[in-house]
Amino acid sequence: EEHIGAALKTLLPKHNLKREDIFITSKLSPYDQGYEKAKAALDATLSRLDLAYLDLYLIHWPGTSGVPLDNYETLSKNREGSWKALEEALAAGKVRSIGISNYVVRHIKEMDKYAKVTPAVLQSEHHPYLDQREVREECKKRGIHYQAYSSLGTTTKHDELMADPVLNRIA
């Protein structure tokens, strides 16, 4: 982030651009889930980038690093706290829009209990081998923009999509 901030200071004026001419997104790390940690993480990101605001800030993952997946109560509490911190950052002008990443339908529905602001975006792995139909339908129903990542498959050692004979023939 420090390098990106330095590059922006050099490149924006060089190309006769202003901050508002570009769209900058960052994500809340799973290590920083929870209300206080999320607030501090966003402030640190803004400081490292040397920016007054982000255009989009996403919760990177519905889990918390170091918390077992079966500890639903803690994970849920951390998601709620993180979202509250993002909503406050939105109201304060530190971010222009907020969203989520890698949430599934149950995580989206859980937000009904605490979210005052509907996520602007849900970013999710999406490709022919991982369609995410239910997630897309839930997003459409709620007016959440669905954004795909890893459209050419995952980065695992055996990537079915990249080995697909039809894709290879087209390529």
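Two strands pair if DSSP finds at least two bridges between them. In this predicted model, Ile-59 stands opposite Ile-100 in β3. The two strands concerned are β2 and β3, which run parallel and are joined by 3 bridges.

This pairing belongs to an open sheet of 5 strands. The strand order is β1-β2-β3-β4-β5, and the pairing is parallel. At the edges lie β1 (25-28) and β5 (145-149), each pairing on one side only. From one strand to the next, the twist averages 30°.

Strand β3 also pairs with β4. Here, too, the strands run parallel, with 3 bridges between them. Ile-100 has Leu-122 as its bridge partner in β4. The chain passes from β3 to β4 through helix α4 (residues 105-110), and this β-α-β crossover is right-handed. Strand β4 (residues 121-125) then pairs with β5 in the parallel sense, over 5 bridges. Val-121 has His-145 as its bridge partner in β5.

In a regular strand the side chains alternate between the two faces of the sheet. Strand β3 can be read with this in mind. Ile-98 and Ile-100 point one way from β3. Gly-99 and Ser-101 point the other way. All four residues are buried, that is, under 20% relative accessible area.

A helix covers part of the sheet. Helix α3 (residues 72-92) lies across β1, β2 (56-59) and β3 (98-101). Its direction is about 150° to that of β3. Together, β2, α3 and β3 make a right-handed β-α-β unit.

How values were computed. Residues are numbered from 1 along each chain as its sequence is written. This is a predicted model: local features need pLDDT of at least 70, side-chain atom pairs count only at pLDDT 80 or more; totals for chains, interfaces and linings use all residues. Side-chain values use heavy atoms; hydrogens and water are left out. Axes are lines fitted to C-alpha atoms, for helices over the stretch in contact, and angles run from 0 to 180 degrees between N-to-C directions. Contact means heavy atoms within 4.5 Å. Buried means under 20% relative accessible area, exposed over 50%, partly exposed in between (1.4 Å probe, protein chains only). A crossover is right-handed if, with the strands pointing away from the viewer, the path from the first strand over the helix to the second runs clockwise.
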